[in-house]
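Colleague: Could you take me through this model? I should like to start with the helix packing and then turn to the strands.

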Amino acid sequence: MKKLILAFVLLIIPHSVSASESTHYLSEIYSVQYKSGVEIISTKEYIDRYEQKVGEIMVPSVVYGIGYMRIGKNKKTKISYVCLYNINAKPFWGYVIPR
């Protein structure tokens, strides 16, 4: 009976994956660079506290992860990415590394 209830609860809970602000930021940057629509899909994402200054900007956290990138209608490629966030929790620098 417990397994049946657990299965029912798992079916009811929505399993949607939402993109983070860093993937939106990187998609916008690389769309301009490639002059085509770029879609970045995160599969795993991690946040580390950094709490140091980079130049004049205080960087409280670094977000990094792995996922997929699709440029236009091309095939998906595996990527790793990193983003630095400012004190207002907005990304100000990011980079995508093909794997």
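Modeller: Covering the buried residues of α2 are, among others, β1 (38-54), β2 (57-71), β3 (77-85) and β4 (91-98). Helices (H or I, at least four residues) and strands (E, at least two) are DSSP runs, numbered from the N terminus. The model is predicted, so local features need pLDDT of at least 70 and side-chain atom pairs count only at pLDDT 80 or more, while totals for chains, interfaces and linings use all residues. Residues are numbered from 1 along each chain as its sequence is written, and side-chain values use heavy atoms, with hydrogens and water left out.

Colleague: Which residues of α2 are buried?

Modeller: They are S22, T23, Y25, L26, S27 and Y30. Buried means under 20% relative accessible area, exposed over 50%, and partly exposed in between (1.4 Å probe, protein chains only).

Colleague: What span should α2 have, and what is the distance between its end C-alpha atoms?

Modeller: Helix α2 covers residues 21-34, and its 14 residues should span 20 Å at 1.5 Å a residue. The expected span is 1.5 Å times one less than the number of residues. The end C-alpha atoms of α2 are 20 Å apart, which agrees. Just after α2, K35 has a positive phi of about 55 degrees.

Colleague: Which residues make up the largest nonpolar core?

Modeller: There are twelve: Y25, L26, Y30, V38, I40, V63, M69, I79, Y81, C83, Y85 and V96. At least two come from each of α2, β1, β2 and β3, and β3 gives the largest share, four residues. Such a core is a set of buried Ala, Val, Leu, Ile, Met, Phe, Trp, Tyr and Cys residues joined through side-chain atoms within 4.5 Å.

Colleague: Turning to the strands, how many bridges join β2 to β3?

Modeller: Nine, and the two strands run antiparallel. Strands pair if DSSP finds at least two bridges between them. M69 has T77 in β3 as its bridge partner. The hairpin of β2 and β3 has five residues between the strands, and G72 in that hairpin takes a positive phi near 65 degrees.

Colleague: And how do β3 and β4 pair?

Modeller: In the antiparallel sense, over seven bridges. V82 stands opposite Y95 in β4.

Methods. Contact = heavy atoms within 4.5 Å.
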